[in-house]
Amino acid sequence: MALSSENATHRPGAFKQQNKAHKHGRHRSNRSLESLSRGKVSLKSITRKNKHELKRLERKNQIQQLRKLKREEATERKRSLGGSGVPPFLTAIIPLHANEDPAKFLELVKGCDEDAVITESSQGYCHISLPRFKKRYSFVIPKPGDVYATLDAAKVADSTVLLYSLDGGYDDIGDMMLSILFAQGLPSAIHVVQGLEALPQKQRAEARKQVTKALESRFPGEKLRAVDKKEDGLLLLRQIADQKRRLISYRDSRPHMLAESVEFCPHEGQNLVGTLKVSGYIRGKPLSVNSLVHISGHGDFQMTQIDAPDDPHGLVLKSRDTSKSVEMADLTTKILEKADPLKQESLQSENVPDEMDAEQTWPTPEELAEAESAQSGTESRKKVVKKVPKGTSEYQACWILDDESGKEGSESDSENEDEEEGGEGFEPMDRDDDEVSDTDNATIADDTESISIAGGKEGYDNHLDLEEEKASLVRFREERMDQMFPDEIDTPLDQSARKRFARYRGLKSFHSSPWDPKENLPLDYARVFQFENFARTKKRVLSEEKEGAMPGWYVTVHIANVPRNIYDEFQVRGDPLVLFGLLPHEQKMSVLNVAIKRHPGYTNPIKSKERLVFHIGYRRFSACPIFSAHTNGDKHKYDRFLRSDAVSVATMFAPIIFPPASAVVFIEDDDGQHRLVGSGAVLGANPDRVVVKRAVLSGHPFKINRKSAVVRYMFFDRDDIMWFKPVELKTKYGRRGHIKEALGTHGHMKCVFNGQLKSQDTVLMHLYKRMFPKWTYDPEVGKPAPFYEGHDGEECKALSLME
């Protein structure tokens with residue numbers, strides 16, 4: 001036993017420490033590696049679960065199952081439209097040229113089949129039931145050239161018919177409409193041209209070639225369809241039914257409806273507010289009566305009940321059933337669901353801030369008594385002696401301030417003003433951003449003059465606004481200076497730098513230095529909502545199973561407390577009325593971040609905090625956002641202008657909307673027209689996004705002695721130099737340094753760097769402060785006039801729009 005115990009050796013386990021071998025410079029051969037390993041297996045291969053390799057028959061069976069599943073999903077998507085019990089194919093007819101008439105095109109489609117049953121809703125939408133295909137179709141024609149009506153119709157349409165002209169395909173207004181539709185999300189498109197049959201036989205091929213060339217510039221690989229005969233109309237209807245549907249995420253994840261009929265029932269004794277009854281087909285997701293609905297362009301509302309009347313535009317399978325479907329003698333209504341006050345979503349959009357939050361508790365009686373005794377003792381000990389005029393009473397003397405106390409009071413008042421300005425976030429733009437000095441105005445006045453040109457057009461100057469031209473010139477110069485010298489600011493001569501840059505701070509590194517997102521927040525941030533984890537909440541909300549009226553049902557929605565002017569405006573204009581069901585929390589306000597890419601057709605500079613009109617998903621509103629760089633990290637650089645060479649992020653106060661959601665941005669001209677500025681997508685709702693503005697102070701080396709140099713023109717006061725002494729210095733040639741000491745009293749300072757300075761180098765100091773958006777959210781946006789109201793001079797109007 002003793003011998004056997006002595007011969008026993010220790011066997012190392014799998015977790016034995018393996019030390020690195022000496023790097024002798026020679027590689028190890030395969031034989032040496034094999035002798036070292038001696039059959040050992042790595043820990044990863046031991047703990048890793050062996051992946052089951054599928055055999056040939058198993059792989060074949062798996063491919064067949066995936067193919068079958070995809071085929072069933074495609075069949076289910078096809079059957080979800082156009083048949084019985086499902087909504088009809090909703091198609092929007094959009095002309096892209098002033099010469100095209102969509103009503104004439106719809107009349108041709110109506111007469112393509114004698115057995116077709118044609119009905120119209122109270123809003124004028126055409127419904128075609130085609131027994132030959134066992135399908136039904138709905139056609140909506142937004143007002144030609146109307147941006148808002150076109151966008152609202154495209155939000156709910158399953159497909160769009162784009163009408164091209166033989167005169168070049170589309171005009172400038174049509175090109176702008178295509179850009180807007182692409183930015184919002186264009187449904188499946190069918191490209192149609194009319195009038196080829198009226199041309200001589202020899203000219204048809206050339207005319208079709210010209211239109212196809214214009215089509216290829218926007219839709220590469222798409223085919224052009226000529227519709228001039230009844231047979232062409234039947235083929236068009238078949239293509240609408242069989243074409244592949246393009247998915248639009250923000251629409252397909254929410255219930256939505258196009259109003260087929262609208263009725264207003266005022267409340268008893270109050271004619272300005274009432275219940276709006278909207279009837280139509282539910283699309284997308286189920287609609288619950290306890291959720292909220294959004295009327296595009298008007299706001300969020302609650303529902304009281306949902307009814308289910310008979311479908312007035314049902315599918316007719318035989319021609320003999322025509323009279324039965326058209327007459328609609330008895331329409332019965334069934335109540336589907338009534339709102340439950342305990343489960344209904346609230347309309348509260350803002351959080352009510354508690355002004356006493358984070359304050360100290362109320363003092364106890366003992367503490368109050370102690371404070372009163374201390375105050376009385378202090379008053380008895382201290383007696384202020386003032387010089388006052390004769391006859392002044394003790395009460396009047398309390399209101400007279402000494403010179404020193406007056407100075408102290410003025411200083412404290414100015415400090416309070418600065419604190420209020422920084423605390424609430426309603427700071428005016430810096431002088432380098434918004435204000436224009438008198439010298440700049442004088443320079444502009446000297447640079448511009450009115451002259452008469454021989455041979456010019458008479459009355460050209462009558463339509464020229466000189467003040468607007470001067471303002472545009474100032475903005476162009478500011479944008480050019482910001483591009484040439486980004487963030488560089490001259491230190492003011494009439495004000496100390498520590499007052500001018502009191503809210504700025506220095507950072508060792510912009511990317512890695514910490515910045516608390518909850519530090520010195522303005523009061524408006526207490527009115528918004530924030531998620532603990534926005535991505536997790538979005539995933540949960542979008543994956544929840546929804547109950548209520550199912551897609552495809554024809555229902556009547558009772559919307560409560562709707563102002564009468566919404567109904568009157570709808571009746572006068574005749575625009576499509578679109579309803580969207582809101583997801584949970586989407587009525588609440590937060591800080592919305594939207595990535596924007598500038599449109600190349602708009603060349604004027606756009607400054608931060610300038611009023612813009614946003615079409616985000618199903619919402620449209622106006623706001624004054626601040627722009628920042630679209631980068632990774634916890635801090636993002638503030639942009640004074642919307643960049644044309646990169647994507648910028650617009651930050652503003654707005655209602656929450658869960659991405660993915662498209663964004664279209666407009667700017668309103670003086671005449672009320674909206675011009676396309678850019679497009680993008682929603683990033684999320686995050687009040688913790690830190691937008692940091694950078695100010696760069698520049699100085700010039702006066703005397704250079706190896707690694708030290710005397711720098712001037714950065715500051716003009718000795719106290720300012722001592723105030724900013726801890727901030728690191730940088731140069732345009734990559735040197736780093738710091739302020740060693742101040743020389744004299746006129747702003748010269750001795751600086752030490754990590755290398756030899758060049759005489760042409762410039763010394764820079766980077767200062768940073770956080771920027772906050774202003775509360776400028778406005779849900780009411782004025783509607784622009786249509787571009788195709790009259791055909792006289794439309795071409796000139798389109799050209800002036802795109803210039």
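Biologist: How many bridges join strand β21 to β25?
Modeller: Before we start: this is a predicted model, where local features need pLDDT of at least 70, side-chain atom pairs count only at pLDDT 80 or more, and totals for chains, interfaces and linings use all residues. Residues are numbered from 1 along each chain as its sequence is written, and side-chain values use heavy atoms, with hydrogens and water left out. Strands (E, at least two residues) and helices (H or I, at least four) are DSSP runs numbered from the N terminus, and two strands pair if DSSP finds at least two bridges between them. β21 (residues 635-639) and β25 run parallel, and the number of bridges joining them is three.

Biologist: Which residue is the bridge partner of Lys-637 in β25?
Modeller: We can walk along the two strands here. His-636 of the chain stands opposite Val-691 in β25. For Lys-637, the bridge partner in β25 is Val-692.

Biologist: Why is β21 largely enclosed by the rest of the structure?
Modeller: Here we look at burial, where buried means under 20% relative accessible area, exposed over 50%, and partly exposed in between (1.4 Å probe, protein chains only). β21 is largely enclosed because, of its five residues, the number that are buried is four.

Biologist: What else pairs with β25, and over how many bridges does it pair with β30?
Modeller: β25 (residues 690-705) also pairs in the parallel sense with β14 (residues 488-489), over two bridges. With β30 (residues 763-771) the pairing is antiparallel, and the bridge count is nine.

Biologist: Which residue in β26 stands opposite His-700?
Modeller: β26 (residues 708-712) runs antiparallel to β25, joined by five bridges. Two residues lie between the strands of this hairpin, where Arg-706 takes a positive phi near 55°. Opposite His-700, the residue in β26 is Arg-712.

Biologist: Which strands stand at the edges of the open sheet of seven strands?
Modeller: That sheet has mixed pairing and the order β2-β3-β4-β1-β5-β6-β7. Each edge strand has a single partner strand, so one side of each is left without a neighbour in the sheet: these are β2 (117-120) and β7 (224-226).

Biologist: At about what angle does helix α9 run to β4?
Modeller: Axes are lines fitted to C-alpha atoms, for helices over the stretch in contact, and angles run from 0 to 180 degrees between N-to-C directions. Contact means heavy atoms within 4.5 Å. Helix α9 (residues 230-242) lies across several strands, including β1 and β7, and its angle to β4 is about 100°.

Biologist: Which residue lies over the face of Trp-775?
Modeller: Trp-775 belongs to an aromatic cluster with Tyr-525, Phe-653 and Phe-772; rings of Phe, Tyr and Trp (its six-membered ring) pair if their centres lie within 6.5 Å, with planes under 30 degrees apart counted as stacked, over 60 as edge-to-face and the rest as tilted. A charge sits over a ring if NZ of Lys or CZ of Arg is within 6 Å of the ring centre and within 35 degrees of the ring normal. Lys-588 does this with Phe-529, at 5.1 Å. Over Trp-775, at 3.8 Å from the ring centre, lies Arg-527.

Biologist: How many disulfides does the structure hold?
Modeller: Some cysteines are buried, among them Cys-624 at 16% relative accessible area and Cys-751 at 0%. A disulfide is a pair of cysteine sulfur atoms within 2.5 Å. By that rule, the number of disulfides is zero.

Biologist: How far apart in space are Lys-783 and Asp-146, C-alpha to C-alpha?
Modeller: Lys-783 is found in the loop between β30 and α21 (794-802), and it is partly exposed at 21%. Residues it touches include Asp-146, Tyr-148 and Arg-573. Lys-783 and Asp-146 are 637 residues apart in sequence, while in space the distance is 9.2 Å.

Definitions and conventions. Lists of a residue's contacts leave out its neighbours within four places in sequence.
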